[in-house]
Amino acid sequence: MTTKPAVTESTYSRFLELLLSGDRAYCYDILEGLLNAGVPIVDLFENLLRRALYRVGELWEANRIPVIAEHMATSIVESLMNLLYPHVFGGKPVNKTAIIACVQNEFHQVGGRMVADIFEFHGWSSYFLGSNISPNNILPLIQEKRPDVLGFSVGVYSNYVQLLTVLEMVRNAFPSQEILVGGNAFGWGGTRSLVRFPSVTYIESLWALDANLRDERRKTI
Amino acid sequence: MTKNELIERAAELRPPGPECTRDFHDLRETLAARVIAVMRSREDLERLIGAGNESMMIDNAHNMSRFLDSLFHGFDPGVLVETVFWVFRAYRSHGFALAFWPAHLNAWIEACTAEMDAGTCTGAVDVIEWILVHIPSFAEGEQAT
């Protein structure tokens, strides 16, 4: 029986330690080793990068690290994602487009970037707009690109009202636009109010997104 | 009181109505500014928030305004309780005293009462008062988590 390559506890712990000390080069060595061992991109995102960043957040919460260490860790993870970028491509193009954005006032953009990369990995063309995107800037882009999917990432619940604002605006302008939402903001709830938007689907993790895209591709083969 | 009991209690709150929600949304920055001014004018501020924490207190007031705005738009008792637990843990570990919360929440109640329409502010005040009344439970739970 073969074992699926995975991020082990000891690898994760070592990565976290290096991330907290700001050692980008060794963080990359670990990432590259896992990639070469065949660990799927989505597992690297979820089990290594996301997990480590959430832990960094908890350490700030407990006042065990200063806020600057949190910023440094985020910056390192984003640079690692840049290095991963060539590996994200390779999926057979499916001629579909996704636009991913963080809602207005939302400055936590790593999750949204990961979502855009997962789309790319499955052969989609994805446009990642970044953090703090005004709804007024999104509508013309939807008109221009006509995406198959629009995705909004919300990192903190305080920005939930911004999500509702942009969903209203998109619904009014493009009633049939398929929309995905997700992010840490939903960790404690908040999805019930989304039922008033029939074209909106909550995606609870990158694994769920990955599985959905995989299923969709299978159906089109 | 356990977390689940707190969530059950929070579920009994009547969510702010559409007029209150709209009024709060329009005034949230004014309310936060008023709360900050009240807190800054206190002679015991450093005892309440710890040394060097004024900018964190200001962030907290702005975050609170955006959090309540979001909460009123889609009331979820679980989100309310979990968030208050998180805030207690995070701010207490950064040196904020337990006494900060009654002072801060009373400033919010005063700001809502003064700035919002008298007929609509009750919904917002009820939620803030609920947090205020349950401070001992949140403090207890914070130690248990």
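**Entry 1**

I looked up A:Asn132 and found that, at 30% relative accessibility, it counts as partly exposed, a class lying between buried (under 20% relative accessible area) and exposed (over 50%), with a 1.4 Å probe and protein chains only. I am reading a predicted model, in which local features need pLDDT of at least 70, side-chain atom pairs count only at pLDDT 80 or more, and totals for chains, interfaces and linings use all residues. Residues are numbered from 1 along each chain as its sequence is written, chains are lettered from A and ligands numbered from 1 in the order in which they are written, and side-chain values use heavy atoms, with hydrogens and water left out.

I placed A:Asn132 in the loop between β2 (125-128) and α6 (135-145) of chain A, where helices (H or I, at least four residues) and strands (E, at least two) are DSSP runs numbered from the N terminus. I noted a positive phi of about 50° for A:Asn132, although it is not a glycine.

I then turned to A:Asn95, which is not a glycine either and has a positive phi of about 60°. I found A:Asn95 in the loop between α4 (67-88) and β1 (97-102) of chain A, and I recorded it as exposed, with a relative accessible area of 75%.

**Entry 2: A:Ser158**

I looked up A:Ser158 in the loop between β3 (149-153) and α7 (160-173) of chain A, and at 12% relative accessibility it counts as buried. Which residues does A:Ser158 contact, leaving aside its neighbours within four places in sequence? I listed B:Asn63, B:Arg66, B:Phe67 and B:Ser70, taking contact to mean heavy atoms within 4.5 Å.

**Entry 3: the nonpolar core**

I looked up the largest nonpolar core and found that it has 125 residues, with A:Leu49, A:Phe152, A:Leu163, B:Leu71 and B:Leu80 having the most contacts inside it. Its largest share, 11 residues, comes from helix α3 (residues 41-61) of chain A. Such a core is a set of buried Ala, Val, Leu, Ile, Met, Phe, Trp, Tyr and Cys residues joined through side-chain atoms within 4.5 Å.

For A:Phe152 I set aside neighbours within four places in sequence and noted contacts that include A:Ala101, A:Val103, A:Ile138, A:Leu163 and A:Gly182.

**Entry 4: B:Ile131**

I found B:Ile131 in helix α7 (residues 121-133) of chain B, where at 5% relative accessibility it counts as buried. Not counting residues up to four places away in sequence, B:Ile131 touches B:Leu80, B:Val84, B:Leu105 and B:Phe138. I also looked up the pair B:Ile131 and B:Trp101, which are 30 residues apart in sequence and 9.2 Å apart in space, C-alpha to C-alpha.

**Entry 5: chain B as a whole**

I recorded 8 helices and 0 strands for chain B, and of its 145 residues 54% count as buried. The C-alpha atoms of chain B fill a box of roughly 40 × 35 × 20 Å along the principal axes. A compact globule with 145 residues would have a radius of gyration near 15 Å, and the 15 Å of chain B agrees with this; the radius is taken over C-alpha atoms, and the globule rule is 2.2 Å times the number of residues to the power 0.38. Among the contacts in chain B with a separation of 6 or more, I noted that residues 24 or more positions apart account for 79%.
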